[in-house]
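Visitor: I have a structure open and would like to go through it. Can we start with the overall picture and then look at some local geometry?

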Amino acid sequence: MADTLTALRSLMASHTPPLDALVVPSEDYHQSEYVSARDKRRAFVSGFTGSAGLALVTKNEALLWTDGRYFLQAEQQLSDQWKLMRMGEDPSVDLWISTNLPEDSAVGIDFWCISVETAQKWKSLFAKKQQNLVPTTRNLVDEVWKDQPQAEINPVHVHPPKFSGRSVSDKLKDLRENLKREKARGIIITTLDEVVWLFNVRGGDVSYSPVVHAFAVVTRKSAFFYVDERKLSSEVKSYMEENNIIVKDYSAVSSDVALLASNQLASATETQSNGAIESEDNSQKIWVDPRCCYSLYTKLSSDQVLLQQSPLALPKSLKNPVEMEGLKNAHIRDGAAIVQYFAWLDKQMQEIYGASGYFKESETQNFKKPSGDSKLTEVSVSDKLEEFRAAKEHFRGLSFPTISSVGPNGAIIHYEPEAKTCAELDPNSMYLCDSGAQYLDGTTDITRTVHFGKPSEHEKRCYTAVLKGHFALGNARFPNGTTGHSLDVLARVPLWSYGLDYRHGTGHGIGSYLNVHEGPHSISFRPGLSVPLQASMSVTDEPGYYEDGKFGIRLENVLIIKEAATQFNFANKGYLEFEHITWAPYQTKLIDVSLLLPEEIKWVNTYHAKCRDILAPYLSESEKTWLNQATEPIAA
């Protein structure tokens, strides 16, 4: 890392103009949360591998900003050359720059890797001290990253109507109606999941997310798909042609956006017949999402930009009936894999370690210390979980790296075990497993926390408080127009009663064989965009509690939002409620039943009965026996 910083500072000094600071974001050219191996520039520079964060290199300092999910991980991974800046506690990066760097400072960044929204905010703040946000002439990290992975050529495949539920022509028709309504003649689409959702294709350019490195531009009459054509089979090329989608090289998007700005971007057929595109009302607006990369935005004049959220974000989050059915079916198969995994793990923990197991609550006295291949580690057991999933219909891979964490590692909220350094399973420690999969008909995400020995009374109280918050949110009813920010408190109140809390949001949308984290809505203590929750959205319910150096607890189900049949309908607003579609038992020996209300006990028993009925057809006789015991009714 020292050599990397030295090399970067040398490039900063020789840059025109010389740079006083260099910002290295986590994001790629599409502002993605999860990026390909060659785009993990911030991880290369800092050594911190979490999915969220930002590095700042000045002439004398190196700082890393990240959020509460990653504080512990960053502390462990950063060398003493780096200073950790805790988002929400320390000054934001733009405020730190404006306060700590001198006037007239040049702050460099690759304009492809910063959003319009962020760039405008920073430029406004920096201007107060005559500081400048400067586009680097090339990506300086790429210059010093000698063994940077090559871009992969992964095939694009068509996502057929039996899974997508809507045709491309239907989606394009709706999009163009939005353009007309907003008096815009075109839109630039840079977000990967929006591009593939619009064109009903999927790919493999980013691990865990079936997306394609591509841009799209759609006008009133044309649709352009910017992609490395080596990824397209003759079948996919024919599909694009049939749907009147013009395929162009990935790198052509920059020059084409400039043509769009001057109203000269036209398909070949339009050029032959009409010349440049002329919109019916001579509208000059070009729709740009605030998340669009700043590099493309600079090709446009600010007065011709309609800067507002993409009209694809909301429709993508509103699952159509085919997507909804697929999501439910995927979660049933996924739930069966989870039950198979815990039944297997329970048996292994007893046989290999002498643990009392999933059901019994005695401390492990005759603790066995296995050696060699018989040893269970965080990685070896998560590999087994992947085996169970891989046997399920429509499986295409995991939806994120499995968070398989024992004891203290469970307190690292987005912990990612590595084979060489991961912990061994411990029958006397909590085990947190947050995992998910990509199936052709849906994306899954589930967390369960278990103990194979004797949990302490404190651990039980904490688990029960998390369960009560999970119950309170998942069973809420609320009027139309309510945001996830308004509901977030429901999941925290049981923890707050003990003076406890957690440093992450409570819920995120989930894609339909797409990104495991999907907006524009969320359930979070952060106000964010405050997009109201709507019927047919999906969202997770995942409160937690983490005790540094000791254990972590999280429980997570995926919910869908639907209309609620309430007795009354105040102000004719209409009311909504959640429906759980995740099926896997909660470990009853971790529940302090004395802390549950009668309706909470009833809900747990009803949910467990549904788990038995729904999952039984997918399980062997021994697995059914295990599930029956895991879902036995609890009593006050």
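**Surface, fold and backbone**

Guide: The accessible surface of the protein is about 25,700 Å², and carbon and sulfur atoms hold 50% of that. Keep in mind that this is a predicted model.

Visitor: How many helices and strands are there in the protein?

Guide: There are 20 helices and 28 strands. The radius of gyration is 26 Å, close to the 26 Å from the globule rule for 636 residues, so the protein is as compact as a globular protein of that length.

Visitor: What does the C-alpha trace span along its principal axes?

Guide: About 75 × 55 × 50 Å. Buried residues are 59% of the 636.

Visitor: And what share of the contacts comes from residues 24 or more positions apart?

Guide: Counting contacts with a separation of 6 or more, 71% are between residues 24 or more positions apart.

Visitor: Pick a helix. Is H17 largely enclosed or open?

Guide: Of its 18 residues, 14 are buried, so H17 is largely enclosed by the rest of the structure. H17 covers residues 457–474 and reaches 25 Å from first to last C-alpha, close to the expected 26 Å.

Visitor: Which peptide bonds are cis?

Guide: Among them are Thr16 to Pro17, with omega near -5°, and Gly519 to Pro520, with omega near 10°. Pro17 sits in the loop between helix H1 and strand S1, whereas Pro520 is in strand S23, residues 518–523.

Visitor: Why point those out?

Guide: Because most peptide bonds are trans, and most residues other than glycine have a negative phi.

Visitor: Then where is Gln31, and what is its phi?

Guide: Gln31 is in the loop between S1 and helix H2, and its phi is near 60°, a positive value. Tyr208 also has a positive phi, about 75°. The loop holding Tyr208 runs between strands S9 and S10, and Tyr208 is partly exposed at 34% relative accessible area.

Visitor: Where is Glu103 in the fold?

Guide: Glu103 is in the loop between helix H4 and strand S5. Its relative accessible area is 48%, so Glu103 counts as partly exposed, the cut-off for exposed being over 50%.

Conventions
Residues numbered from 1 in each chain as written. Predicted model: local features only at pLDDT ≥ 70, side-chain atom pairs only at ≥ 80, totals over all residues. Heavy atoms only, no water. Helix = DSSP H or I, 4+ residues; strand = E, 2+ residues; numbered from the N terminus. Rg over C-alpha atoms; globule rule 2.2 N^0.38 Å. Buried < 20%, exposed > 50% of the residue type's maximum accessible area, 1.4 Å probe, protein only. Contact = heavy atoms within 4.5 Å. Areas by Shrake-Rupley, 256 points an atom, 1.4 Å probe, with all protein chains shown as cover. Expected span 1.5 Å × (residues − 1).
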